[in-house]
Amino acid sequence: MAIGSGLGAQLGISAESTYGTFVAPAKFIEFTKESLALKKTTAQSAGIAAGRLLALSSRRVLTRQEVQGSIDLEIVNKSMGVLLQALMGTTVTPVQQVATTAYLQTHTLADTFGKSLTIQKGVPLTTGVVTDKTFLGCKVTSAEFACEVGGMLTGSFEFDGKTCDEAQTLATAAYPSMSPFHFSQMAVKTGTYSSETARDGVRKVSVKIERPQATERFYAGQAGLKKEPISNDQVKITGSLETDYIDTILDDLHTSDGATSLVWEFVGPIIASTYAETFRITLPAVKFDEGPPVVDGFDVIRPTFNFTALYDGTNPVKIEYMSTDVTL
């Protein structure tokens, strides 16, 4: 029996081969909170019958259902590939680095059609019995990564899903030994793409990637369930850099509206040879929307530069992830 509280909860995920078709969980992720839930739409018959004062229970119908919610977690050195692939869209195979145990995943920005997840949630009753809620056809609609002084690198993933299946068998959770990426491993670089230099004074970073999709694809003949969402707008990537006012480099870019490549990376312990555990986001062209420094007291000047990432015409936005994961 599990512990009869959130301490006994679990989340397992797998990439689906077909949208909305169950795949048994292959990875179990550690999370800090989640809000995945079935959302249903009902209709109640309102027919008039002589003397009837209350609508009939038998005349209420379930007309559609879907899944919405989010998962918040710490970004760790293993098992992140399935989520990153669902966010970014590229089909990724980890590449072994020479003959070492280090494998590099490179997730470049692409359409996410065909990239859906089965997410199985185990929710404990107070008795210790863990109930199963298996969410099918889960598509990532946005993800936000953040890290600040003294903190962990965190991620928050938003999902839109097809339905909830409570008839599956709850998988037995198993977790590899994992370590979180954190502030002391963090570096921020700006400049010419592939020749960026380290920025000093950065205290906090956030990057949000939004994947707009047509999530209202409810059609006749689908039993009230949606068909797979389709991208219906350009990807939106925004973020912020909270800094001490050490130099005017970012301030000058804000003034001129000039573009710079931005690399945000976390480099952990060596896996083998020269290959280290790594999480890296590369945005080849960002422009700063606001953040000129202001003086609001005696303390160190601390501007926050908000930015938008754009396409530089050549180089893709990418997330690189170095781990010992042989497969996603």
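Biologist: Is glutamate 228 buried or exposed?

Modeller: Relative accessibility is read against two cut-offs: under 20% is buried and over 50% is exposed. Glutamate 228 has a value of 8%, so it counts as buried. Bear in mind that the model is predicted.

Biologist: Which residue forms a salt bridge with glutamate 228?

Modeller: The general idea comes before the case. Side chains of opposite charge can pair when their charged atoms come close. Here lysine 139 forms the salt bridge with glutamate 228, and their closest N and O atoms are 2.8 Å apart. The pair links distant parts of the chain, since lysine 139 is in strand 9 (residues 130-148) and glutamate 228 is in the loop between strand 15 (213-214) and strand 16 (230-231), 89 residues apart. Lysine 139 has a relative accessible area of 1% and is therefore buried.

Biologist: How many salt bridges does the whole structure hold?

Modeller: A search finds 16. Another of them joins the side chains of arginine 302 and aspartate 244, at 2.8 Å from N to O. This pair, too, links distant parts of the chain: arginine 302 is in the loop between strand 19 and strand 20, while aspartate 244 is in the loop between strand 17 (236-243) and helix 2 (249-256), 58 residues apart. With a relative accessible area of 36%, arginine 302 is partly exposed.

Biologist: Which residues do salt bridges with shared partners join into one network?

Modeller: The network consists of Arg64, Glu66, Asp160, Glu216 and Lys226. Within it, arginine 64 forms a salt bridge with glutamate 66, and the closest N and O atoms are 2.8 Å apart. Arginine 64 has 22% relative accessibility, so it counts as partly exposed. Glutamate 66 has 7% and counts as buried.

Biologist: How many aromatic pairs does the structure hold?

Modeller: There are eight aromatic pairs. To classify one, look at the ring centres and the angle between the planes; over 60 degrees is edge-to-face. Phenylalanine 288 and phenylalanine 305 have ring centres 5.9 Å apart and planes at 75 degrees, so this pair is edge-to-face. Phenylalanine 288 lies in strand 19 (residues 275-290) and phenylalanine 305 in strand 20 (residues 304-310), so the pair ties together parts that are 17 residues apart in sequence. Phenylalanine 288 counts as buried at 2% relative accessibility, and phenylalanine 305 counts as buried at 2% as well.

Biologist: Which residues form one aromatic cluster?

Modeller: The cluster is made of Phe145, Phe157, Phe181, Trp264, Phe266 and Phe279. Serine 70 is found in strand 5, and at 13% relative accessibility it counts as buried.

Biologist: Which serines have a positive phi although they are not glycines?

Modeller: Check the backbone angle, then the place in the chain and the accessibility. Serine 79 has a phi of about 70 degrees and sits in the loop between strand 5 (60-74) and helix 1 (81-88). At 4% relative accessibility, serine 79 counts as buried. Serine 194 has a phi of about 75 degrees and lies in the loop between strand 12 (186-191) and strand 13 (197-198). With a relative accessible area of 60%, serine 194 is exposed.

Biologist: What does alanine 2 contact beyond its neighbours within four places in sequence?

Modeller: Alanine 2 is in contact with Gly8, Gly128 and Val130. Alanine 2 lies in the segment before strand 1 (10-15) and is partly exposed, at 29%.

Biologist: How many helices and strands does the protein chain have?

Modeller: The chain has two helices and 21 strands. Of its 328 residues, 46% count as buried. Among contacts with a separation of 6 or more, 71% come from residues 24 or more positions apart. The C-alpha atoms fill a box of roughly 80 × 50 × 40 Å along the principal axes. The chain exposes about 15,900 Å², of which carbon and sulfur atoms supply 53%.

Terms used:
Residues are numbered from 1 along each chain as its sequence is written. Side-chain values use heavy atoms; hydrogens and water are left out. Rings of Phe, Tyr and Trp (its six-membered ring) pair if their centres lie within 6.5 Å; planes under 30 degrees apart count as stacked, over 60 as edge-to-face and the rest as tilted. Helices (H or I, at least four residues) and strands (E, at least two) are DSSP runs, numbered from the N terminus. Buried means under 20% relative accessible area, exposed over 50%, partly exposed in between (1.4 Å probe, protein chains only). Contact means heavy atoms within 4.5 Å. Accessible areas come from the Shrake-Rupley method with a 1.4 Å probe; for residues, only the protein chains shown count as cover. A salt bridge is a side-chain nitrogen of Lys or Arg within 4 Å of a carboxyl oxygen of Asp or Glu.
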